[in-house]
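Some labels in structural descriptions rest on cut-offs.

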Amino acid sequence: MAERERDIQTCCISDTSCQFGLQSVWGTGNQLFLFPGKNPLLSNERRPATGKNEQIREVQWDIDLHHPVLRKMVNDSHNIFVNLQRQATQLTGAAFHTQILNSSRHYRATQKAYLKDLDDMIGSTRDEEQRQQYMEHLKLLNISELIWSLCEILFIESPVGGLVVPKLLDWLKLHFITAGRLFDDLMKEEQPESKTTYWDTIFRLVLQGQIEKACRLLSLHSARQTDDFQTLINLLKRMPQLSNVYKGSSVAEFDMKWRHWRDECQRNYEEQKFSINPNLETVVRILCGEDAVFSEVKDCCDPWYHMLISKALYQDPTVKACDLHYYIQGCQDAYRSTTRLGELDSILLSALESDVYQVIKDSRTVFSNGWFVAHLTDLLHHCGQLDSHRLQFGSDLQREFLLLEYAGSLMSHHSLWIVGVSYLDHCAEFGRKYLELYLDHIPLDSEKKANKILKICEDRNMTEQAKSICKVMGMRCIRNKRLGAALTWFLRSKDVGFATVLAEKYLLEYSESGEFTNLDLIDYLGPSMLLSNRLTFLGKYREFHKLYSEGEYHAAGDLLLALLQARLAPKQFWITLLIDALPLLEKTELIFSSQQTRELMKCLEELTTEYKLGKKRDGLGFTEARKDQLDVLKLALSRNLPKAILQEGTVNLL
């Protein structure tokens with residue numbers, strides 16, 4: 001079959017600013033951003049100015065799944081898909097095949113539920129344009145369900161003995177309901193035979209294998225007691241039913257009974273027992289499987305694939321799926337003069353010819369959103385129906401490509417992107433790379449969304465993407481002066497540089513106001529404080545304040561001295577630490593030993609010396625108030641030293 005491409009859609013942009021060219025950048029999924037301009041040919045070339053406010057235009061395609069009504073179907077089918085992938089790792093053999101078939105039926109049930117919703121909306125909407133849009137969705141969904149159910153019979157389900165005709169008859173009854181509707185209407189009439197649709201309805205019922213209903217209509221005819229009517233009714237009632245094969249009869253036994261029955265139908269026809277009534281004769285000719293009669297009643301079994309199944313029923317009811325293609329040409333020829341074969345016919349033709357690859361390719365052309373081909377191909381892949389040697393890149397990549405395409409159509413939606421992630425997870429070859437690129441482009445509209453994306457990155461060990469998200473959100477919090485939230489983001493990404501910057505901002509804030517903000521966050525830093533020296537100092541310095549407020553003066557003094565000795569604090573903050581020692585030095589109880597006092601004096605001397613040498617003049621900022629405090633500190637240290645020496649000497653003497 002010749003390969004067909006999609007029709008090219010053209011969109012005109014009437015904007016004079018585009019006269020110099022048009023550039024574009026990719027968005028997320030099926031999304032493109034266009035803006036005026038052209039790439040410079042020379043390094044010093046500049047784009048001419050238009051003198052107007054240039055606009056960035058968003059272009060999206062294949063986004064019908066973004067419609068609110070379709071989102072329910074997307075979510076339901078996603079659950080079926082994920083469950084099937086999980087079962088694929090747990091089940092094998094017949095048990096897994098049963099699960100595949102159940103998944104296929106669940107997909108079809110999802111389509112039918114959406115069909116009902118669409119039908120209700122068509123009836124309730126008053127907007128004509130919206131109604132037309134719904135009707136277009138309805139048409140495509142009907143076609144997709146028709147194709148899917150046929151593929152389920154031919155490629156997924158394994159009928160008993162390989163008999164596909166019984167399943168195909170059920171398919172006819174489900175999708176071609178005219179016969180059933182006409183039958184119901186005639187059964188309400190007192191004299192059904194008086195209606196012009198009487199015989200056409202009988203023909204339709206017989207062609208669909210609905211023998212019981214056909215007999216009921218024949219039994220309502222005024223001439224039902226005549227020999228020809230009785231003979232035909234008896235023939236119909238004695239027609240061997242394929243359903244018996246499912247009840248334990250062998251295919252060979254059924255075939256033998258069917259051949260005897262057809263010979264009897266042929267003998268009665270040749271004896272001209274129905275020649276008085278042409279309609280009865282037409283029915284018996286159908287039972288005999290005569291080729292010519294199908295062309296005569298083609299209006300009752302339109303389209304060609306309906307005729308194909310009817311022919312198979314009366315010419316070879318035990319035909320295997322792989323042999324159905326022998327009937328195709330004759331059935332298509334019967335309708336070729338009146339009907340042009342369309343895209344649906346091409347897909348069904350490929351299915352009946354067992355050309356799975358062509359079914360997928362043509363379906364991808366008809367159903368642009370990718371939902372249909374992605375899920376059907378996944379089922380066919382699990383069934384082993386994708387013939388790897390016919391594909392240069394293998395069946396796994398055939399399935400993966402379609403899943404990637406479908407996931408891409410979801411990633412540009414503000415809420416469906418989370419569904420797209422699951423599909424990318426099940427693309428072993430390229431799924432992770434695609435997901436990394438998509439996550440880099442998803443707008444971080446809120447902290448809730450950012451946390452969702454971050455969780456996805458953390459679960460999949462996408463370190464770089466996680467760091468990027470935390471950096472973006474942290475910088476946003478800094479701009480909004482939310483230092484606590486910013487620090488939380490940088491701690492999650494273990495960003496040493498920005499964590500250090502924020503710690504210094506907290507220290508600067510404390511130096512200016514004498515208070516810490518976001519105490520809860522600082523109090524519960526835990527092991528996170530080890531991320532950087534500044535953060536460690538911030539956490540320990542806050543611990544010093546807690547010890548002091550709780551009356552643990554000795555522990556507070558030891559910690560304060562340790563912070564000075566470890567050189568964790570920035571030099572400009574030393575003066576704050578030394579001033580913090582002043583209340584401890586003024587306590588009645590001795591807090592600092594002589595050795596500790598000497599260490600404090602050494603730190604104070606170092607700080608004063610550097611100030612005098614002008615190395616840190618601007619950073620230290622020795623105001624008059626600070627100088628007064630330092631003078632008091634020197635005095636306190638001078639008093640504490642002999643006091644400590646005296647007490648230590650007394651202790652030694654004792």
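This is a predicted model: local features need pLDDT of at least 70, side-chain atom pairs count only at pLDDT 80 or more; totals for chains, interfaces and linings use all residues.

Residues are numbered from 1 along each chain as its sequence is written, and side-chain values use heavy atoms, with hydrogens and water left out.

Q: Why are H20 and H21 called roughly antiparallel?
A: Helix H20 (residues 447-459) and helix H21 (residues 463-479) pack at an angle of about 160°. Angles over 145 degrees count as roughly antiparallel, under 35 as roughly parallel, 65 to 115 as roughly perpendicular and the rest as oblique. H20 and H21 are therefore roughly antiparallel.

Q: Which residues of H20 and H21 meet?
A: From H20 they are Glu447, Ala450, Ile453, Leu454 and Cys457, and from H21 they are Gln465, Ala466, Ile469, Cys470, Met473 and Cys477. Contact means heavy atoms within 4.5 Å.

Q: Why does Ser422 count as buried?
A: Buried means under 20% relative accessible area, exposed over 50% and partly exposed in between, with a 1.4 Å probe and protein chains only. Ser422 has 17% relative accessibility, so Ser422 counts as buried. Ser422 lies in helix H18 (residues 417-425).

Q: What makes His78 buried?
A: His78 has a relative accessibility of 14%, and therefore counts as buried. His78 sits in helix H1 (residues 68-88).

Q: Which residues does His78 contact, leaving aside neighbours within four places in sequence?
A: They are Val419, Ser422 and Tyr423.

How values were computed: Axes are lines fitted to C-alpha atoms, for helices over the stretch in contact, and angles run from 0 to 180 degrees between N-to-C directions. Helices (H or I, at least four residues) and strands (E, at least two) are DSSP runs, numbered from the N terminus.
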